[in-house]
Amino acid sequence: MQHKVIDVHDVVIRFSGDSGDGMQLTGSLFADMSAIYGNSLSTLPDYPAEIRAPKGTVAGVSGFQVHIGDHQVATPGDYCDMLVAMNPAALKANAKWCKRTALVLVDGDSFDKAHLEKAGLGDNPFEELSIEDRTIIVAPITTLTEESLSESGLDKASIHKCKNMFTIGMACFIYSRPLDYLYKYIEKKFSVKHPEMVAPNKKVVFDGYSYASNLQIEANTYHVAPVKLPKGTYRNITGNQALAWGLIAASEKSGRPLFCGSYPITPATSILEELALHKNLGVITMQTEDEIAGICSAIGASFAGRLAVTTTSGPGLSLKSEALGLAVMTELPLVAVDVQRAGPCTGMPTKTEQTDLQEALYGRNGESPLVVMAAHSPSHCFTQAFTAAKVALEHMVPVVLLSEGFLGNGSEPWRIPSMKDLPSINPPFATPSEGGFKPYERDPETLSRKWAFPGVKGCEHRVGGLEKTHQGVLSNDPVNHETMVRERAEKVERVSRDLPELVVDGPESGDVLVVGWGGTYGHILSAVDELRSEGATISRTHFDFISPLPPNTEKVLSSFGKIIVCELNLGQFTTYLRSKFPQANIIKCNKVQGQNFLVHDLVDAIRKEI
């Protein structure tokens with residue numbers, strides 16, 4: 001067969017295998033390599049829920065999907081152009097995600113009777129899974145890796161750990177990826193502590209590339225050109241990394257050292273881990289014994305004048321609820337990050353959802369309003385973390401920043417900003433005043449109180465969960481209590497004055513407006529673009545700020561006959577919008593499966609309404 005290179009606009013590749021097969025690393029390397037090459041991309045790691053499920057079972061399958069393109073890529077993709085399955089269980093778990101034209105690459109050495117039985121498959125798994133019409137490459141990857149490294153001096157277990165590098169070498173040939181980045185990665189990873197691993201890993205990558213180049217079953221390879229992006233320095237970044245860096249940037253711009261008190265919890269832990277790497281930037285982290293200690297230590301750090309942060313996910317937000325009320329009552333700046341996962345209770349820890357919205361809005365006793373905002377993409381996590389810190393510090397208010405497992409673990413190219421281009425952050429510091437310091441005396445514009453650190457002479461005051469007067473005196477007076485409750489609520493509402501207005505993509509009035517919040521951004525964007533390509537006239541807007549809402553929200557919603565709200569829950573944002581704007585015709589579009597929307601499902605749902 002004559003070989004030719006076919007130019008394509010985008011491809012979706014899904015790597016899958018046992019949790020010990022290195023598929024997360026393989027996918028990450030392919031994504032990073034594509035980012036350096038200049039492609040736009042979006043990734044979706046898919047972790048098993050069990051820490052170490054039985055080897056070879058469907059429950060233990062780990063996956064990593066990467067979507068690369070020569071244009072702005074908004075989602076990790078619905079279905080894949082290539083599936084790499086290192087064993088029958090991986091094939092069974094992921095066969096449903098293969099396109100009709102997909103290439104399926106499997107390690108033939110693992111498709112023996114024992115592995116097929118573990119996966120619950122018969123002698124003909126491709127026919128059984130209805131993918132026999134795909135282009136299937138059954139390569140003896142384990143054997144080929146052993147042959148490649150037979151003279152390396154490595155033991156058999158170490159050689160088998162290199163199967164993923166052989167596989168990524170094959171993928172690099174099929175999708176025209178240069179090997180330079182992989183070689184540099186191998187040198188950087190092993191040259192100091194394990195220099196003996198550099199040459200074997202380079203060799204097995206090259207041998208995988210060479211093997212794929214000699215295959216006769218697949219005549220074509222594919223090329224995805226670089227995307228045209230604004231000039232700047234880019235890197236591939238996960239949402240949790242970006243969020244941590246946004247907080248560090250806010251610390252520098254505000255002049256307030258950063259403190260993070262947190263308890264490890266999937267999928268938020270890597271924010272704490274990332275922050276812990278940057279002690280040289282003045283970051284202090286404390287891994288506490290539980291969620292309550294984490295947030296209470298952060299509140300203490302806020303009282304002491306730090307930019308205070310606590311991070312959590314799912315059930316951890318519930319445990320922090322009483323202390324969030326303490327932050328509301330003391331009117332101290334605090335950023336509480338919730339990387340949402342499937343619930344309730346411990347739910348499905350490694351799966352994504354948007355089901356903590358009502359918890360963030362209302363999950364405290366008493367009248368306890370705070371600011372709630374959300375990030376909408378991995379790179380946007382940087383922007384929203386910086387903004388959350390700015391709002392908390394300038395308005396003396398706790399902020400809940402909602403992310404999602406999909407955003408925190410997923411990645412995309414990010415243009416590294418210059419610190420001089422980021423806005424200033426100006427906390428309202430307290431100074432001694434004539435007549436004595438009044439800790440809850442408010443700025444007439446923002447209603448925020450002054451931030452008085454311990455040790456500032458003349459600014460001594462009480463803090464705590466009991467109600468107080470403007471002078472800081474404990475009070476059970478009913479009129480004073482209502483005054484303070486209303487002022488704290490109005491302070492949150494006045495944050496909207498500093499928020500950007502909602503931007504409508506498309507006509508500013510019409511029949512249908514598609515609405516989303518958080519990580520549904522890219523899927524809704526792709527669905528709306530597809531409907532427009534079919535001739536539909538449709539508009540779209542996305543909420544990054546939820547409490548308070550952007551100042552022009554009522555104007556935007558009243559300009560459309562139907563508002564279709566798409567979210568990964570049973571309608572929490574829909575319920576919230578209906579309570580605020582009962583006159584609007586708001587329609588729900590929901591999914592609660594621990595997975596993102598599929599673009600084609602959104603297209604079908606929206607098409608029914610238009």
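At roughly what angle do the axes of helix α5 and α7 cross? This is a predicted model, and in it the two axes cross at roughly 100 degrees, coming within 9 Å. Angles of 65 to 115 degrees count as roughly perpendicular, so α5 is roughly perpendicular to α7.

**Where the two helices meet**

- Helix α5 covers residues 141-148, and α7 covers residues 163-174.
- On the α5 side, the residues in contact are Ile141, Thr142, Leu144 and Thr145.
- Their partners in α7 are Lys163, Phe166 and Thr167.
- Sorted by class, this contact of α5 with α7 has three nonpolar residues, three polar and one charged.

**The sheet**

- Six strands form an open sheet with mixed pairing, and their order is β3-β4-β2-β5-β6-β7.
- At the edges lie β3 (40-46) and β7 (135-139), each of which pairs on one side only.
- From one strand to the next, the twist averages 15 degrees.

**The β3 and β4 pair**

- Strand β4 spans residues 61-69 and runs antiparallel to β3, with seven bridges joining the two.

**Helix against sheet**

- Helix α7 also packs on the sheet, where it touches β2 (10-18), β5 (80-85), β6 (98-107) and β7.
- The direction of α7 makes about 140 degrees with that of β6.

Methods: Residues numbered from 1 in each chain as written. Predicted model: local features only at pLDDT ≥ 70, side-chain atom pairs only at ≥ 80, totals over all residues. Heavy atoms only, no water. Pairing = 2+ DSSP bridges. Helix = DSSP H or I, 4+ residues; strand = E, 2+ residues; numbered from the N terminus. Axes fitted to C-alpha atoms, helices over the stretch in contact; angles between N-to-C directions. Contact = heavy atoms within 4.5 Å. Parallel < 35°, antiparallel > 145°, perpendicular 65-115°, else oblique. Nonpolar A, V, L, I, M, F, W, Y, C, P; charged D, E, K, R; others polar.
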